[in-house]
Amino acid sequence: MAFEPPRRLVRALGEAAPGGDGWLAKLPEVAERAVARRELAVERVQVPGGRSSLVVLVRTADGTPAVLKLAPRRARPESERAALAHWGGLGAVQLREGGGARERDEGVLLLERLRPDVSVRSLPEAKALLEAAGTLRRLWVEPPGSHRFETVAERTGRQAAAMRAGAVADDEVAPLVDAALAAREELLAAPPEQRLLHGTFRQSKVLAGDRMPWLAVGPDPVVGEGAFDLARLVRDRVEDLVAQPSGASTTRRRVKRLAESLEVDQERLRGWALFRAVESGVRARRVGRERDAELLLEFASWL
C-alpha cells in the first residue's frame, strides 16, 4: 500500500519546520517496516487525519482493529507513549504495545481503535462541552515519579519568547501579547497543583469508543495545573463564537461554566485562556493563516 500523507499533515509540518527535516521523505519506508514487523493488515490512511502524525487504520494478525500512528520526533511521540501508559486506558486511548528501541527512534505507536469519524464535536455544543470536560477530569492524575514530561512553565516559556518576537514585528497585537505575558507571569508565580495534563485538549480530540463512550487521543502531555488544559477547551468552535453577536458574553459564561464544572479557579482559567489564544493567534499570523489569527485574537480580546 502507498502511505501517502494527507495534505493537512504536509501543510502543518511545513509550517512547523519550513526547511523540512526529511521525516516525510522517510515516512513510506518507516510505515511499511512498522506494518511488516507487526504483521498488520492495512485498511486505509485516516483522512484528513492529524496535523502532526500519520494515522493508519489496521488490523492485527488476529483480526483486532487497531491504529498505527507515526509521528516525527519534534511531535514528542515518546512523551505521548509515556502518558498513555500512565493513564492505562482511563479516559484515554490504550496502547497496544510498549514499544522497543526502534519504535522509540521512529515514532511508531500501535493503539486501540476508536471510532475515528465520531468525535465529541459532533454533539450539540452544550452536550459536547459536558462530555469533553468529563473526559478531561479523568486524565488529571499525579504524574509518575521522576517524570520527564515538559512542564507548563517550560512549554509556555518557549512560546512566550516567540510571542515577544511576533509583537515586536506587529504593533497591532502588542497590547494583547503584553496582557498575555503578564497573565502568564502571575499564573506561574503560585501554581495550585501539578497534574499530568493532555496538553492539547479540545473536542475533536475526544472520540467515541467501545470500552467507554468517549476517550481522549493525541496528547502532547505536560505537567502543570488543570486550568492550563481546560483553557484550550474554552475556545472550541471559536469560529461560531466570533460569528455570534453575543460572542463575548457567551465566552465569559463558558469560562464560568467550565471552571465550576471542573472546580478550577475562574480567574486562572481566564488567564490561561488568554495566553493560549494569543499564543495561537500570533503563531497563526506568523505562518500566514490570517483568518485563523483574526478569529483567535478577537476571541482573546474578550477575555
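How many positive and negative side chains does the protein have, and how far apart do the centres of the two sets lie? There are 49 positive and 44 negative side chains, with the two centres 2 Å apart.

**Figure 1. Overview of the predicted model.** The protein has 12 helices and 9 strands. Its C-alpha trace spans about 55 × 40 × 40 Å along the principal axes. A compact globule of 303 residues would have a radius of gyration near 19 Å, and the protein agrees, with 19 Å. Buried residues make up 51% of the 303. Of the contacts between residues at least 6 apart in sequence, 71% join residues at least 24 apart.

**Figure 2. The salt bridge between Arg121 and Glu239.** Side chains of opposite charge can pair when their charged atoms come close. Here the closest N and O atoms are 2.7 Å apart. Arg121 sits in the loop between β5 and α5, and Glu239 in helix α9, so the pair ties together parts 118 residues apart in sequence. Arg121 is partly exposed, at 33% relative accessible area. Glu239 is also partly exposed, at 33%.

**Figure 3. The salt bridge between Arg184 and Glu185.** The closest N and O atoms are 3.0 Å apart. Arg184 is buried, at 9% relative accessibility. Glu185 is partly exposed, at 47%.

**Figure 4. The salt bridge between Asp292 and Arg289.** The N to O distance is 2.8 Å. Asp292 is partly exposed, with 31% relative accessibility. Arg289 is partly exposed, with 28%.

**Figure 5. A network of salt bridges.** Shared partners join Arg76, Glu150, Arg155, Arg158 and Asp220 into one network. The structure holds 26 salt bridges.

How values were computed
Residues numbered from 1 in each chain as written. Predicted model: local features only at pLDDT ≥ 70, side-chain atom pairs only at ≥ 80, totals over all residues. Heavy atoms only, no water. Helix = DSSP H or I, 4+ residues; strand = E, 2+ residues; numbered from the N terminus. Rg over C-alpha atoms; globule rule 2.2 N^0.38 Å. Buried < 20%, exposed > 50% of the residue type's maximum accessible area, 1.4 Å probe, protein only. Contact = heavy atoms within 4.5 Å. Lys, Arg positive; Asp, Glu negative; His and termini not counted. Charge placed at Lys NZ, Arg CZ, Asp CG, Glu CD. Salt bridge = Lys/Arg side-chain N within 4 Å of Asp/Glu carboxyl O.
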